[in-house]
Amino acid sequence: MCTGTRIRYPCRVKAGRAPYDETARPPAPGDDCPAPWVRPEPTPRQRRRDLYLGLSMAAAALLSVVLSNSMGSFPLGPPPSWPEQLGWAVAVGLPLIWRRSRPELCTLVTAVVFIAAQARSSPETLASSAALFVAIYSLGAWGRNRQLAARIRIGVIAAMFGWLALAATISVLSTSPEFVGAAGPLPPFLAVAITSILFNLAYFLLAYLLGNSTWTSARRQHLLEVQAEALRQSRVENAERAVTQERVRIARELHDVVAHHVSVMGVQASASRRVMDKDPAKAKTALAAVEQSARTAVDELRRMLGVLRDAGATDQALGYGLDQVDSLLRGAREAGLTVEYKILGEPVPVPESVSLAGYRVVQEAVTNTIKHARASGIDVRIRYLRREVEVEVTDDGRGGYVAGPAPRPGSGGLGLIGMRERVAAHD
């Protein structure tokens, strides 16, 4: 049976880092969304707030109608009947109930009612102007189809400016307003037109930009929540991975320590039993070897457990390495094997992790030889190459294990798995 492996050094493995999938990265707040983000539907609490807002706006419009009629203030001309005025007041406020759930419909209905009420010379202008502002803002903040939301808002704003121009033209043609005390450099009518245009431009631009800003803020908040959830999941996975790695580490060390010494002790105890009656001296020597192996195993277990209790310790802290392979082979000799041990090439210092891995490979190979190979001799060779350390262990037995990419089916052994893990850790 031959067990061979080659370990490269220095180690090039970046420990503790899982494979990184760039496509799975949640976008940063300043990045573009990988897919169009659709704002979720409003919550029941938000719907209740919209209900209260719509009812409050309708009540404010009704109060404005009462106050305007009480003061005799009719800026748009003779008003319609009381029931019609109250109807327009209610109609301009109630659509805000659906400002988040149906923002497109809310904006269109509010705009139509606003223009129709002014066309009918309804005296209420304060609450209706506030309702139109809220409707345009809500469409920008909650419109799930961004292109449609932009088109509707631009269309409503254009219609409002068109209505403003039409109403001003009709007012000038029907009456000749007198500007008593006008003394500025501009004609009075031009000054009124510029003032009206600037005021309405600021009014609609603020509603438009504020809606977009709110939508962008909600999108960024969503991305931050996605990132936070991804980080939380990553922490959970890293913690689980760390626990698994620690379990594997403990299992590997226990196997390396216990399996080797117990195997040697079993062979020595068997030899002692066979010669107990014929040659008590040999039996005594074998039992002494069993005792020494047991003590060595207990000492190694204590050292290993001490290292494992230390959160900052690593496998190197156990102190084993290629320079102790000769001591390791002493147990094989005591078990009755003929041992050949050679170091080929000029020994050079290697990283402690590589030295420990080589030691454990030899230990596992010797253990398998004793347990499974039914061999009489074992040959261990360590070659120091230019950038590698090569470990080769050969015996003259008929073998139960075969070194390769996987253990023999049905063997159930963990030694070769641990050996491959140690070697794979160093590329």
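**Reading helix packing and a buried arginine**

Me: How do helix H8 (residues 325-334) and helix H9 (residues 352-373) pack, at what angle and how far apart are their axes?

Reply: Two packed helices are described by the angle between their axes and the distance between those axes. In this predicted model, H8 and H9 pack at an angle of about 10°, and their axes are 10 Å apart. Angles under 35 degrees count as roughly parallel, and H8 and H9 are therefore roughly parallel to each other.

Me: Which residues of H8 and H9 meet?

Reply: On the H8 side they are Val 325, Leu 328, Leu 329 and Ala 332; on the H9 side, Tyr 359, Val 362, Gln 363, Val 366 and Ile 370. The residues of this contact divide into 8 nonpolar, 1 polar and no charged.

Me: Staying with H9, what span should its 22 residues have?

Reply: At 1.5 Å a residue, H9 should span 32 Å, and its end C-alpha atoms are 30 Å apart, which agrees. You can read burial along the helix too: 18 of the 22 residues of H9 are buried, so H9 is largely enclosed by the rest of the structure. After the helix comes Arg 374, whose phi is positive, near 50°.

Me: Now a loop residue. Where is Arg 100, and is Arg 100 buried or exposed?

Reply: Look in the loop between helix H2 (82-93) and helix H3 (103-119). The cut-off for buried is under 20% relative accessible area; Arg 100 has 10%, so Arg 100 is buried.

Me: What does the side chain of Arg 100 make a polar contact with?

Reply: The partner is the side chain of Asp 50, at 3.1 Å. Leaving aside neighbours within four places in sequence, Arg 100 is in contact with Pro 42, Gln 46, Arg 49, Asp 50, Trp 142 and Arg 144.

Me: And where is Leu 385 found?

Reply: Leu 385 is in the loop between strand S3 (377-384) and strand S4 (388-395). With a relative accessible area of 36%, Leu 385 is partly exposed. Compare sequence with space here: Leu 385 and Gly 345 are 40 residues apart in sequence and 6.8 Å apart in space, C-alpha to C-alpha.

Notes
Residues numbered from 1 in each chain as written. Predicted model: local features only at pLDDT ≥ 70, side-chain atom pairs only at ≥ 80, totals over all residues. Heavy atoms only, no water. Axes fitted to C-alpha atoms, helices over the stretch in contact; angles between N-to-C directions. Helix = DSSP H or I, 4+ residues; strand = E, 2+ residues; numbered from the N terminus. Parallel < 35°, antiparallel > 145°, perpendicular 65-115°, else oblique. Contact = heavy atoms within 4.5 Å. Nonpolar A, V, L, I, M, F, W, Y, C, P; charged D, E, K, R; others polar. Buried < 20%, exposed > 50% of the residue type's maximum accessible area, 1.4 Å probe, protein only. Polar contact = N/O pair within 3.5 Å; in protein donor to acceptor, adjacent residues only side chain to side chain. Expected span 1.5 Å × (residues − 1).
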